[in-house]
Amino acid sequence: MEAPVYTQIENLKVTVFQAYLFWENIEKNLLNLALRLSMGVREKTDIIILPEMFNTGFSMNSEALAEEMGGVTMQWMQKMAYQYNCVVTGSIIIKENNQYFNRLIWMEPDGKNQHYDKRHLFGMGDEDQHFSPGKEKLIVELKGWKIRLAICYDLRFPVWLRNVDQEYDILLLVANWPDKRSAHWKALIPARAIENQSYVIAVNRVGHDGNQIYHSGLSMCLDPYGNTVYYKPEDEDLYTFSINYEELVKVRRQFPFLKDADRFTIP
């Protein structure tokens with residue numbers, strides 16, 4: 001007999017925005033994103049997902065670009081969440097206690113918010129020289145779905161993202177992942193979906209950044225089988241799709257291997 005919780009959880013309607021970002025220009029990015037949302041969001045959605053550092057691009061100019069919690073970008077996120085009556089999420093540069101964080105904000109329509117600080121800082125790009133690493137994972141809930149939040153480079157570290165005791169249903173990743181390592185992106189995302197028996201929603205940016213690094217998007221949603229629900233290379237894209245909880249339940253029942261998983265701990 002099915003547990004009642006399975007029939008109570010509705011499909012989740014997800015809007016991903018694979019956006020072009022203007023380098024280190026907060027005002028221009030927020031204006032452009034708001035304009036594109038106003039033209040592109042044509043149906044009710046439960047969540048709008050923006051890329052990593054969506055208001056600046058992946059910049060190490062943390063001192064000049066950082067905002068305090070509740071600053072202009074978070075105010076903008078609250079406005080968008082209220083306007084579209086949905087969660088808005090994406091990462092920005094935050095200064096707190098004289099430290100800088102690449103912080104993924106989870107903004108609800110009523111202004112309540114939670115955050116996840118990027119744990120794995122990209123040393124090849126000197127991110128570890130300008131930012132402090134996060135220490136805690138975050139799993140949020142939306143319409144009964146449990147969602148694990150992650151940022152870009154975290155994708156390479158499966159122990160950190162391990163779905164222990166089916167604690168999450170969706171791995172949500174925002175990124176500024178360069179095209180020159182797109183083969184890794186396309187390999188790691190299916191691996192995370194299959195090994196964790198979860199949906200993976202990964203939202204990247206497109207275009208060249210201020211360091212002339214090209215990003216080809218490749219934002220995607222994969223189901224727990226590793227099948228493609230959504231995939232978009234190269235072009236800016238604002239797209240809404242639904243994911244089904246019953247499919248998740250079906251996979252876990254047919255092939256319940258998570259119960260045999262190794263028990264990892266991270267100090």
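Is Cys152 buried or exposed, and at what relative accessibility? At 8%, Cys152 counts as buried, where buried means under 20% relative accessible area, exposed over 50%, and partly exposed in between, with a 1.4 Å probe and protein chains only. These legends describe a predicted model, in which local features need pLDDT of at least 70, side-chain atom pairs count only at pLDDT 80 or more, and totals for chains, interfaces and linings use all residues. Residues are numbered from 1 along each chain as its sequence is written, and side-chain values use heavy atoms, with hydrogens and water left out.

**View 1. The whole chain.** Let's start with the overall picture: the chain holds seven helices and 13 strands; helices (H or I, at least four residues) and strands (E, at least two) are DSSP runs numbered from the N terminus. Its C-alpha trace spans about 55 × 40 × 35 Å along the principal axes. Of the 267 residues, 53% are buried.

**View 2. Cys152 and its loop.** Cys152 sits in the loop between strand E7 (145-151) and strand E8 (170-174). Look at the backbone here: phi of Cys152 is positive, about 40°, although the residue is not a glycine.

**View 3. Trp185 in the largest nonpolar core.** A nonpolar core is a set of buried Ala, Val, Leu, Ile, Met, Phe, Trp, Tyr and Cys residues joined through side-chain atoms within 4.5 Å. The largest one has 49 residues, and Ile147 and Trp185 have the most contacts inside it. A second, separate core of 24 residues includes Ala19, Val41, Ile48 and Met74.

View 4. Phi of Leu218 is near 65°, a positive value in a residue other than glycine. Leu218 is buried, with a relative accessible area of 6%.

View 5. Thr265 is exposed, with a relative accessible area of 75%. The C-alpha atoms of Thr265 and Arg205 are separated by 32 Å, and these residues are 60 apart along the chain.
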